[in-house]
Number of protein chains: 2
Amino acid sequence: MENPAERLRIVLVGTQHPGNIGSSARALKTMGLRRLVLVAPERYPHADAEAMAAGADDVLAAAAIYPSLAEAVTDCRLVLGCTARDRRVALEQLSPRAAAARARDAAATGAETAIVFGRERTGLTNEELQLCHAAVHIPADPAYSSLNLAAAVQVLAYELRLAVLEREQAGIGAGEARALASHAELEGFFAQLAQTLDEIDFHKGRAPKSAMRKLRRLYLRAGLDAKEVRLLRGILADAQRMASLAR
Amino acid sequence: MENPAERLRIVLVGTQHPGNIGSSARALKTMGLRRLVLVAPERYPHADAEAMAAGADDVLAAAAIYPSLAEAVTDCRLVLGCTARDRRVALEQLSPRAAAARARDAAATGAETAIVFGRERTGLTNEELQLCHAAVHIPADPAYSSLNLAAAVQVLAYELRLAVLEREQAGIGAGEARALASHAELEGFFAQLAQTLDEIDFHKGRAPKSAMRKLRRLYLRAGLDAKEVRLLRGILADAQRMASLAR
């Protein structure tokens, strides 16, 4: 199974403080990522970068450097750009969690994937944002949304790690990313569940709607995939068979 | 509706680098948290703390300082301590996400709640961990798990913000917080589920372990609360009753 982390690069554009480059290298390495890319850093190499990288000096040393974002992502099939919310961007806006899932899924199919962070003060230019396929927004407090650059990298790297671990724990091989159940599959399951509750006499005179509302909420929260829906429906079918034998 | 953030404090114990105190203040404020507590910081006040706090100087200025962790959490009803995984702790281990949900739920009921971070190099002492009700582990890469202190604070503060926002979006009022099922409640449910699959003859000669592994993953992902566990166990009990009548 290919590790999606190998296809994921974190791109820092026009970074002003070299300490943030080092801290970002450390953030990446703690989260199992290794590919740091720098676009036109203002001061680099620099002792502050080395100092903040701590044990991630290997990630720092291996960082590729490009003069422009276009050159840094030319081979990427998915490019996600971190932005502040108020930006008037015509791009789809993703939460860090949704962005991490999308990046992992792309990387797992072998597609080169980039998550891009702009300058400390001014972010990405409109021209740079036009190279991105979607925008990522960290849901900071609107009253003070000024995350440190390395802190923002840490948040995304953390979500990427959770996304990669989730895939590993599900034992999903390359190219078999988990396909969420369709609306129709879920509704078929809920209909069979409601029918089964009737047949095993679960309600005993109580209002059936309340239990089904709670069960819908629970199963929708779980984000079932199509195989899980089939597994649950198989269990329901056997419970229905027992109810029929019991009559 | 009370904002749970008002009952949440982030406690830094024995911090060595004052810059980390400032960065932590900034991490808190970006995530809508305001209550920073310092236990015996090595060098504080310090210009590095001010510099790294950036616009979060108000959070820094308001930080309470105590000589010991015991004094810093004496009024807390829930205390969660961040630790590295390998630590031989007899405490329940929570992911940042589960910890944030638990902290938010406690804070939403008006309970003073603390999330505690140890020293940069050595973490929390065993004596300090004994003051904690559960341990929080950030799932870093075991090959290099050395998160910067402020980066760890940022990850937890981010999860706390998502947890608080989730509650706001669900429109849940104070005092009606969802209490996640305990480990024992979940295990009781899984045992009854396995028993029920046997009794309704679900396996039909297939290996029972595979289905239970998939079902555990699905239900753990859903983050069941105690009421939901009772609802599901009620359904299983009726399926078991039908199976018994069918025999």
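Modeller: Let's start with a term: a residue is buried under 20% relative accessible area, exposed over 50%, and partly exposed in between. Keep in mind as we go that this is a predicted model.

Biologist: Happy to. With that cut-off, is B:Arg119 partly exposed or buried?

Modeller: B:Arg119 has 21% relative accessibility, so B:Arg119 counts as partly exposed. Its partner is B:Glu128, and the closest N and O atoms of that salt bridge are 2.8 Å apart. B:Glu128 is at 11%, and therefore counts as buried.

Biologist: How should I read a salt bridge in general, and how many salt bridges does the whole structure have?

Modeller: Side chains of opposite charge can pair when their charged atoms come close. Here, a search over all chains finds 31 salt bridges. One of them joins the side chains of A:Arg104 and A:Asp105, at 3.0 Å from N to O. A:Arg104 is buried at 8% relative accessibility, while A:Asp105, at 27%, is partly exposed.

Biologist: Which residue forms a salt bridge with A:Asp238?

Modeller: That is B:Lys204, with 2.6 Å between the closest N and O atoms. This pair crosses between chains: A:Asp238 sits in helix 10 of chain A, and B:Lys204 in the loop between helix 8 and helix 9 of chain B. A:Asp238 is buried, with a relative accessible area of 5%, whereas B:Lys204 is partly exposed at 46%.

Biologist: Let's stay with that helix. How do I read which way its residues point?

Modeller: An α-helix has 3.6 residues a turn, so residues three or four places apart point the same way. Helix 10 of chain A has 21 residues and reaches 30 Å from its first C-alpha to its last, close to the 30 Å expected. Its buried residues include A:Leu231, A:Leu232, A:Ile235, A:Leu236, A:Asp238 and A:Ala239.

Biologist: What covers the buried residues of helix 10 of chain A?

Modeller: The cover comes from both chains, and includes helix 8 and helix 9 of chain A together with helix 8, helix 9 and helix 10 of chain B. At the start of this helix, a side-chain oxygen of A:Asp225 also reaches to within 3.1 Å of the backbone nitrogen of A:Lys227.

Biologist: Now the interface. How is its size expressed?

Modeller: The size of an interface is often given as the accessible area lost when the parts come together. Between chain B and chain A, about 4,800 Å² is buried, and carbon and sulfur atoms give 64% of that. In chain B, the residues that lose the most area to chain A are B:Tyr144, B:Tyr158 and B:Arg221, together 15% of what that side buries.

Biologist: How many residues does each chain bring to the contact, and how many salt bridges are counted between chain B and chain A?

Modeller: Chain B brings 58 residues and chain A 59. The count between the two chains is 5 salt bridges, and 23 residue pairs are in polar contact across the interface. Helix 10 of chain B gives the most to its chain's side, with 12 residues.

Note on methods. Residues numbered from 1 in each chain as written. Chains lettered and ligands numbered in written order. Predicted model: local features only at pLDDT ≥ 70, side-chain atom pairs only at ≥ 80, totals over all residues. Heavy atoms only, no water. Salt bridge = Lys/Arg side-chain N within 4 Å of Asp/Glu carboxyl O. Buried < 20%, exposed > 50% of the residue type's maximum accessible area, 1.4 Å probe, protein only. Helix = DSSP H or I, 4+ residues; strand = E, 2+ residues; numbered from the N terminus. Expected span 1.5 Å × (residues − 1). Contact = heavy atoms within 4.5 Å. Polar contact = N/O pair within 3.5 Å; in protein donor to acceptor, adjacent residues only side chain to side chain. Buried area = accessible area lost by both parts, 1.4 Å probe.
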